[in-house]
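This report walks through one protein model, from the whole chain down to single side chains. Please keep the sequence and the 3D view open while reading.

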Amino acid sequence: MQALWMVLAAFLFASMGVCVKIASDFFNSAELVCYRGIIGMGILWLLSHSQKVTLATRYPGMHAWRSLVGVASLGAWFYAIAHLPLATAMTLNYMSSVWIAAFLVGGTLLAWRPSAAAPRPALQGPLVLTVLTGFAGVVLMLRPSLDQNQAFAGLVGLLSGLSAAFAYMQVVALSRLGEPESRTVFYFAVGSAVAGGLAMLFTGMSDWPSWQALWLLPIGVLAAGGQLCMTRAYASAKSQRGTLVVANLQYSGIVFAGIYSVALFGDKIPPIGWLGMALIVGSGILATILRARAAPGTPAEEH
């Protein structure tokens, strides 16, 4: 069942991407972030109340930093979805696992101080190979699929995965302090609503459309549903092997996004672009396995 829960979570996140892309024709990214946050706050408050989880926290500063980085990632992701093929934007956001692997390699080398008593650390071949494969996938995917007008959006999409990796590390820190996931996600929703509202002071508000505004509701509902299904999937995994299976199945979201991208929006992705996506998925799976071995019991990534 845990595998099915994760596949369902991936499907919900990809479906949320569809709603974001459609709603982007009527609202800017700041508005979408704000409205997703408001809807998420309501859903997470009800969930926390039903679970009898108090929303009071002893770590407001850590939640504020997690929300700041997470909102930056979310805003960049929504912008990329609006200006890129859906499959491309989704794949760039799923690069967060590869970025985490890059941080592990870079952090090890930066922490090393040359001395006779401290020989140079091992080059961590599998991690280095994972990072190189992931970025090779990015090159293959972006060069053939983006025109000159989409180059900036591609960079923003790549940064969404980078900032998602920073946000994930903060989620890990909060998890180790015993913060329930529902509380962490609630404060992320609060941060999204506040930051999105502040950004709207500079970007302005779009003219409120008629029935098209209904696309805002499923964005928040599908995001919350995807997160809950992901949480249920990890909670149902009773072994490390089961956890790895669940973690790797999150990449089925890229498959769903690819189907949506071609079937609903008529996006044309050349074979070399699909190869790049496959390399990113493969490197992300390997990075997830290596991360699980190095730090078992860490929480799921959010999308």
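## Surface and burial

Accessible areas here come from the Shrake-Rupley method with a 1.4 Å probe; for residues, only the protein chains shown count as cover. On that basis the protein exposes about 14000 Å². Carbon and sulfur atoms supply 71% of this area. Buried residues make up 53% of the 303 residues. Buried means under 20% relative accessible area, exposed means over 50%, and partly exposed lies in between (1.4 Å probe, protein chains only).

The model is predicted: local features need pLDDT of at least 70, side-chain atom pairs count only at pLDDT 80 or more, and totals for chains, interfaces and linings use all residues. Residues are numbered from 1 along each chain as its sequence is written, and side-chain values use heavy atoms, with hydrogens and water left out.

## Overall fold

The protein has 12 helices and 0 strands. Both are DSSP runs numbered from the N terminus: helices are H or I with at least four residues, strands are E with at least two.

## Helix H2 and its ends

Helix H2 covers residues 29-50, which is 22 residues. The expected span is 1.5 Å times one less than the number of residues.

Asn28 caps the N-terminal end of H2. A side-chain oxygen of Asn28 lies 3.1 Å from the backbone nitrogen of Ala30. Just after H2, Lys52 takes a positive phi of about 55°.

A salt bridge is a side-chain nitrogen of Lys or Arg within 4 Å of a carboxyl oxygen of Asp or Glu. By this rule the count is 1. Arg183 and Glu179 form a salt bridge, at 2.7 Å from N to O. Both residues are buried.

Pro180 sits in the loop between helix H7 (151-176) and helix H8 (181-203). Pro180 counts as partly exposed because its relative accessibility is 24%. Thr54 is 126 residues away from Pro180 in sequence, yet their C-alpha atoms are 9.4 Å apart.

## Ser73 in helix H3

Ser73 belongs to helix H3 (residues 60-83). At 7% relative accessibility, Ser73 counts as buried. A polar atom of its side chain lies 2.8 Å from the backbone oxygen of Ser160. Leaving aside neighbours within four places in sequence, Ser73 is in contact with Asn93, Ser160, Ser163 and Ala164.

Methods: Polar contact = N/O pair within 3.5 Å; in protein donor to acceptor, adjacent residues only side chain to side chain. Contact = heavy atoms within 4.5 Å.
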